[in-house]
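User: Hello! I am new to this structure and would like to go through it step by step. Could you take my questions one at a time?

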Amino acid sequence: MGRWRWRVPRPLGPLLALVLMGIVNSCDGGLTSSFVRKVEKTIDMPLDSDVFRVPPGYNAPQQVHITQGDQDGTAMIISWVTEDEPGSSKVLYGTDEDKLDLSAEGKYTRYKFYNYTSGYIHHCEIKNLKHDTKYYYAVGIGHTVRKFWFTTPPEVGPDVPYTFGLIGDLGQSYDSNITLTHYESNPRGQAVLFVGDLSYADNYPFHDNVRWDTWGRFVERSAAYQPWIWTAGNHEIDYVPDIGETVPFKPYRHRYHVPYKSSGSIAPFWYSVKMGSAHVIVLASYSAYGKYSPQYKWLEAEFPKVDRSKTPWLIVLMHAPWYNSYNYHYMEGESMRVIYESWFVKYKVDVVFAGHVHAYERSYRVSNIAYNIVNGKCEPVPDESAPVYITIGDAGNLEGLATNMTEPQPSYSAFRESSFGHAIFDIKNRTHAYYTWHRNQDGNAVAADSMWFYNRYWKAAEEISDM
Ligand SMILES: *[C@@H]1O[C@H](CO)[C@@H](O)[C@H](O)[C@H]1NC(C)=O
Ligand SMILES: *[C@@H]1O[C@H](CO)[C@@H](O)[C@H](O)[C@H]1NC(C)=O
Ligand SMILES: *[C@@H]1O[C@H](CO)[C@@H](O)[C@H](O)[C@H]1NC(C)=O
Ligand SMILES: *[C@@H]1O[C@H](CO)[C@@H](O)[C@H](O)[C@H]1NC(C)=O
Ligand SMILES: [Fe+2]
C-alpha cells in the first residue's frame, strides 16, 4: 500500500508535475492510467460477418463449446447446436486423431423465446478422461461431422502450473473480436474463466435470440478447444414479462451447461471446479445469496472443503464487483459483499475476478468487515488475508466503455484504466502466480498492468522478508 512518491529533476519539474497530475490524482489511491483510448463507437458485427458464418453441410454442428464436466477435470461437457433436424447427440472421441474409439451419448433440448425457436441444443458429457492428455472429438455423427480437440487439465496438485485466461462482458462487437484475437495470440491460456455477460442478445428488440446463436458461432474458435468456465451475468437473465418471458435465464440455462452437481450445488449459477493447483468458486450475483438461501448454505459448506495442500490457489468469480470505483454499477455488489466478505478473509481467497463494469481495475488487498452498525468502522483497510479484487468486464461489448471514474481514486484502488482487454493468471507453483492485463490497443503480448501474486496460504519467501 505504498504511497506514490516522485523525484523529478529540477528543470523538468513543473512540466512533469503537470503530466503526472493526469496520472496520479491522489496519494491515497493507486494509479489511474494516463492511457487514453481513442474513443470510437462500439458496434456489433453485422449478421453477415465472417465470424458468424454457419458451417457448411447438412445439419452441421455449430456453436461448439466445452466446459469442465466434473470437479477434478476428468470429464468434459461438449455442447453444440444443429439447425435442420435433431441428428445425433453422440460424441466420438479418443487420443488418436484418426481413431476415435470412444463414444458417449448426450441429449438435446430446445426452447422458444417470444417468437424465436432455438435449434437443437446438444449436451454430452464425456467421462473417465486421463489428465493432461490431448483428446480429439467429433460431433454431427450421421450428417456433417466436425472434429475438434482439447487438452484435459493436469491432475490436481499443489505445484501444478496452470494458466487461466480472464474474459468478461464479451458481447459480439468488433472490439469483442479484437479481444478474443488478442487472447488467442497470447497462447498460454489453458482455460478461460469467464465472468459473465455473454452475448448481449438482450440489447436487441425482443431479446432477439438469433444473437445468442451468432455469439455461439463467434466464440467457437476458442470455446470448442479449451474449457470456458461460465459465470452468469445480468445479461443472462432474459426476464421480459411484457412479452411473456417470465422464466429467468432461459436461453443461458439451455445453452450453457456447467458441472454444478459435482460440487453439491442445486443450480447452475454457483458451483466450483478444481483445475491444476486452483480451486475456482463461481458465485451468482443474480440468485439469492442471503442467509439461509441455497447459495449461502452451499458457500458456507464449500469454503471449509477447499484443501490448500492440494489446491493452494483459491479463486472466486462473480459478475458484479465488490470493489469498483467507476461511476457505473457503483455499489451494486455491496449487498453481497456485506454478507460474504468475512468468509473471503477467513478462508484467505487469493483473488476475486468480476465483470459488469466495462473497464479495468485492480485493488490492493483490502477488507471492510469491521462494521457492526454502531462502531462506525466502515472503511476498507489494508488486509494481508484479503483477496485482490479485479474488475475485468472490459472485453468489448456494444454498450461501450465505462469512462467515468469516482474522484479521487479511492484508497483501495491500485490501478484503473478505461480500455478493452483481457487478462492472464499464470500459476507457477504453490507460492507464485504471475498476472498480466492486456489492453486491446497494444501489440498482442504487451502487458499494461501486471503483478506477482503470492499465495495467501503458502507464503512466498519474498513476502515474508518484506514484512
Ligand atoms: C418477431 O417479432 C418481431 C416484432 O414483431 C419481428 O420484427 C421479428 O421479425 C419476428 N421474428 C420472427 C422470427 O418471427
Ligand atoms: C475477427 O477477427 C478474426 C481474427 O483476427 C478476423 O479473421 C476476422 O476477419 C474478424 N472479423 C470481423 C468481422 O472483424
Ligand atoms: C460522472 O458521474 C457522476 C456521478 O454519477 C456525474 O455526476 C457526472 O456528471 C459524470 N460525468 C460525466 C462526464 O458524465
Ligand atoms: C515458484 O515460482 C517462482 C516464480 O517462477 C520461483 O521464483 C520460485 O523459486 C518457485 N518456488 C519453488 C519452491 O520452486
Ligand atoms: Fe453486467
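This is a predicted model: local features need pLDDT of at least 70, side-chain atom pairs count only at pLDDT 80 or more; totals for chains, interfaces and linings use all residues.

User: At what angle do helix α2 and α3 pack, and is their arrangement roughly parallel or roughly antiparallel?

Analyst: Helix α2 covers residues 174-184, and its axis lies 11 Å from that of α3. The two pack at an angle of about 10°. Angles under 35 degrees count as roughly parallel, so the arrangement of α2 and α3 is roughly parallel.

User: Which residues coordinate the iron ion (ligand 5)?

Analyst: Donor atoms sit at 2.1 to 2.2 Å from the iron ion (ligand 5). In sequence, the donor residues follow the spacing D-x36-N-x84-H-x36-H. The residues are Asp197 (OD), Asn234 (OD1), His319 (NE2) and His356 (ND1).

User: Why is the arrangement around the iron ion (ligand 5) called irregular?

Analyst: The four donor atoms subtend angles of 87 to 169° at the iron ion (ligand 5). Four donors count as tetrahedral if all angles lie between 85 and 135 degrees.

User: How many residues apart are aspartate 197 and histidine 319, and are they buried or exposed?

Analyst: These two donors of the iron ion (ligand 5) link distant parts of the chain. Aspartate 197 is in the loop between β13 (191-194) and α3 (210-223), while histidine 319 is in the loop between β17 (313-317) and α6 (334-346).

User: Where does tyrosine 200 lie, and what is its phi?

Analyst: Tyrosine 200 lies in the loop between β13 and α3. With a relative accessible area of 0%, tyrosine 200 is buried. Although tyrosine 200 is not a glycine, its phi is positive, at about 60°.

User: What is the phi of asparagine 59, and is this residue buried or exposed?

Analyst: Asparagine 59 is found in the loop between β1 (31-32) and β2 (62-68). Its phi is positive, about 55°, although asparagine 59 is not a glycine. Its relative accessibility is 2%, so asparagine 59 counts as buried.

User: Which peptide bond is cis, and what is its omega?

Analyst: The bond runs from glutamate 407 to proline 408. Proline 408 lies in the loop between β22 (388-392) and β23 (413-417). The peptide bond from glutamate 407 to proline 408 is cis, with omega near -5°.

User: Which residues does threonine 231 touch, and how far is threonine 231 from serine 263 in space?

Analyst: Threonine 231 is in the loop between β14 (228-229) and α4 (250-255), and at 0% relative accessibility it counts as buried. Not counting residues up to four places away in sequence, threonine 231 touches Phe194, Val195, Gly196, Leu198, Glu236, Tyr252, Val282, Leu283, Leu317, Met318 and His319. Threonine 231 and serine 263 are 32 residues apart in sequence, and from C-alpha to C-alpha their distance in space is 15 Å.

Methods
Residues are numbered from 1 along each chain as its sequence is written. Chains are lettered from A and ligands numbered from 1 in the order in which they are written. Side-chain values use heavy atoms; hydrogens and water are left out. Donors are N, O and S atoms within 2.8 Å of the metal (3.2 Å for Na, K and Ca); water is not among the atoms, so sites may look incomplete. Four donors count as tetrahedral if all angles lie between 85 and 135 degrees; four count as square planar and six as octahedral if opposite donors are over 155 degrees apart and all others between 65 and 115; anything else is irregular. Helices (H or I, at least four residues) and strands (E, at least two) are DSSP runs, numbered from the N terminus. Axes are lines fitted to C-alpha atoms, for helices over the stretch in contact, and angles run from 0 to 180 degrees between N-to-C directions. Angles under 35 degrees count as roughly parallel, over 145 as roughly antiparallel, 65 to 115 as roughly perpendicular and the rest as oblique. Buried means under 20% relative accessible area, exposed over 50%, partly exposed in between (1.4 Å probe, protein chains only). Contact means heavy atoms within 4.5 Å.
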